[in-house]
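Subject: Structure handover

Hello,

The structure you asked about is below, and my notes on it follow. Please read them with the model open beside you.

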Amino acid sequence: MDKFTNSAWFMRIVAFALAALLFISINFEMESDKKSLGLSTAPEISTETIENVPVEVYYDRENLVVSGVPETVDVTLKGAKSLLINAKNQRDFKVYVDLSDPAISMGDRTVTFKISDLNEKLVATIDPEYAEVNVQERVTKEFSVEAEYNSSLLEEGYTAGQPTVSPKTVKITGAKDAIEQISYVKANLEISKGLNETVNSKATVKALDRDLNKLDVTIEPSSVAVSLKVSIPSKTVSIAPKQTGKAKDGIRITSISVDPKEVTLFGSETSLEKIDEINLPVNISKIDGDTELELDLNKPDSVQKMSLGKAQVKIRTEKVDVDEENAEPVVEEEESETEQKQEEQVVEEKPEPEEEDEPAAIESKTFNNIQIVPVGIRDDQDAELESDVTSITLLGEADDLKKITKDDINLTVDVSNLDEGTHDVDLAVTVPEGVEWELDSKTVSVTITQKEEET
């Protein structure tokens with residue numbers, strides 16, 4: 001036994017066994033340490049879907065237009081969980097379609113999505129896998145813009161002119177097929193209900209085909225300034241004071257005047273055509289003497305609004321003897337011829353002063369839109385009036401005023417001695433005898449220009 005244990009082979013076998021035990025022990029400890037630190041040699045595999053990943057398209061943007069590529073896709077990644085979490089948080093990869101080949105042909109084609117800058121240890125699946133795209137020649141063309149609005153939103157009585165746009169034209173860029181389909185280029189003015197004033201606003205420009213479908217094109221500028229002038233027809237008519245009631249005993253009304261003499265009415269043209277004056281009832285039953293009143297003007301139902309709601313009324317009076325006014329001459333039935341002769345003689349010798357006629361009441365009547373006629377124009381000149389119509393108020397007895405019409409009134413302006421330029425010239429007024437007149441302005445502005453010589 002001692003001989004065996006002291007032999008060289010015994011020592012070699014023991015040394016080999018100890019070395020094997022030492023190797024197994026060390027490896028076991030290293031595996032334990034890795035597990036405790038999470039350094040497993042077999043990583044956990046999982047999947048993760050990242051939604052709405054933007055798609056980039058590579059192509060010749062100066063000469064081509066590509067349509068049909070979706071803006072986003074969904075990407076499913078498979079691999080180690082730690083790598084998936086990093087990819088989802090960073091999103092440092094790209095999904096793209098490559099159409100950059102200069103020899104690419106026009107028309108419809110199917111293209112697959114590609115992914116770049118993704119960790120090579122991850123596997124990606126893209127949904128959808130491919131897209132049906134259209135490649136067209138890029139075309140830019142200039143179009144006129146037409147503004148539009150909903151006319152039913154105008155308030156009753158109001159009218160609107162033709163809307164204007166600035167700039168009047170835009171440049172539209174897109175696929176050749178799309179540009180050829182453009183039938184209308186509209187700028188729709190967004191307005192609210194009850195439109196009763198001029199609108200100045202911005203409006204987005206849209207390109208539409210013949211069926212009013214919006215086309216996928218680029219418009220420069222994308223919006224334009226739109227102006228819509230809104231107004232309401234108007235008419236200036238006279239205010240006619242109308243006496244109502246009975247004057248008190250001993251009071252006689254000599255005149256009734258109103259200030260201002262005119263009022264401007266606003267409404268539809270058909271409504272205004274039927275109105276020539278606004279009646280202003282003036283109740284004189286409580287008048288004791290000269291009086292000034294402020295009275296409300298009654299707006300006709302067919303009128304939208306009036307320039308004023310009240311007017312000042314001046315009432316002029318005079319006092320009379322009630323007994324004299326009501327007394328009747330008494331004549332005796334039985335009167336002798338002698339007495340009659342004596343009375344006639346007395347009358348002849350001492351004539352009583354004749355009773356003066358009571359002054360007639362002065363009234364006024366206003367005529368609107370009287371034409372002003374320039375006279376004396378030289379053959380080598382043109383005359384332009386700042387306003388060729390005006391209003392005139394005539395003052396006189398009621399019976400005289402009733403007989404006067406517009407044809408009895410002549411307004412002229414003498415331009416025979418005027419040089420080239422603008423001048424304020426007095427108006428010449430011709431009216432029937434027995435009446436006086438008043439004008440808002442006794443002059444009118446006249447511009448004289450030289451006629452161009454005919455060649």
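I start near the end of the numbering. S445 is buried, because its relative accessible area is 14% and the cut-off for buried is under 20%. This residue belongs to strand β32, which covers residues 443–450. Setting aside neighbours within four places in sequence, S445 is in contact with E384, L385, E386, T422, H423 and D424. Please keep in mind throughout that this is a predicted model.

The chain as a whole

The chain has 455 residues, and buried residues make up 30% of them. Its secondary structure comes to eight helices and 32 strands. Among contacts with a separation of 6 or more, 70% are between residues 24 or more positions apart. The accessible surface is about 31600 Å², and carbon and sulfur atoms account for 46% of that.

Salt bridges

Side chains of opposite charge can pair when their charged atoms come close. In this structure there are eight salt bridges. I describe some of them here.

One of them joins E146 to K186, with the closest N and O atoms 3.1 Å apart. This pair links distant parts of the chain: E146 sits in strand β9 (residues 146–148) and K186 in strand β13 (residues 184–188), 40 residues apart.

Another salt bridge is formed by the side chains of D276 and K235, at 3.5 Å from N to O. D276 counts as exposed because its relative accessible area is 59% and the cut-off for exposed is over 50%. K235 is partly exposed, at 25% relative accessibility.

A further salt bridge connects K261 and E438, whose closest N and O atoms are 3.6 Å apart. The two residues are 177 residues apart in the chain. K261 lies in the loop between β19 (251–259) and β20 (262–266), and E438 lies in strand β31 (residues 436–439). K261 is partly exposed, with a relative accessible area of 27%. E438 is partly exposed as well, at 36% relative accessibility.

Surface patches

Which residues gather in a patch of negative charge on the surface? They are E363, E397, D399 and D400. E397 is in strand β27, residues 389–397. Its relative accessible area is 36%, so E397 is partly exposed.

There is also a nonpolar surface patch of about 280 Å², made by V14, L18 and L21. V14 is placed in helix α2, which runs over residues 8–37. With 34% relative accessibility, V14 counts as partly exposed.

Two more residues to look at

T49 is part of strand β1, residues 45–58. The relative accessible area of T49 is 41%, which makes this residue partly exposed. Not counting residues up to four places away in sequence, T49 touches V75 and T76.

S82 is in helix α3, which covers residues 81–90. S82 is exposed, with a relative accessible area of 54%. Between S82 and I45 there are 9.3 Å in space, C-alpha to C-alpha, and the two are 37 residues apart in sequence.

That is the end of my notes.

Regards

Note on methods
Residues numbered from 1 in each chain as written. Predicted model: local features only at pLDDT ≥ 70, side-chain atom pairs only at ≥ 80, totals over all residues. Heavy atoms only, no water. Patch = residues over 30% accessible without salt bridge, like charges linked within 9 Å, V, L, I, M, F, W, Y side chains within 5 Å. Areas by Shrake-Rupley, 256 points an atom, 1.4 Å probe, with all protein chains shown as cover. Salt bridge = Lys/Arg side-chain N within 4 Å of Asp/Glu carboxyl O. Lys, Arg positive; Asp, Glu negative; His and termini not counted. Charge placed at Lys NZ, Arg CZ, Asp CG, Glu CD. Helix = DSSP H or I, 4+ residues; strand = E, 2+ residues; numbered from the N terminus. Buried < 20%, exposed > 50% of the residue type's maximum accessible area, 1.4 Å probe, protein only. Contact = heavy atoms within 4.5 Å.
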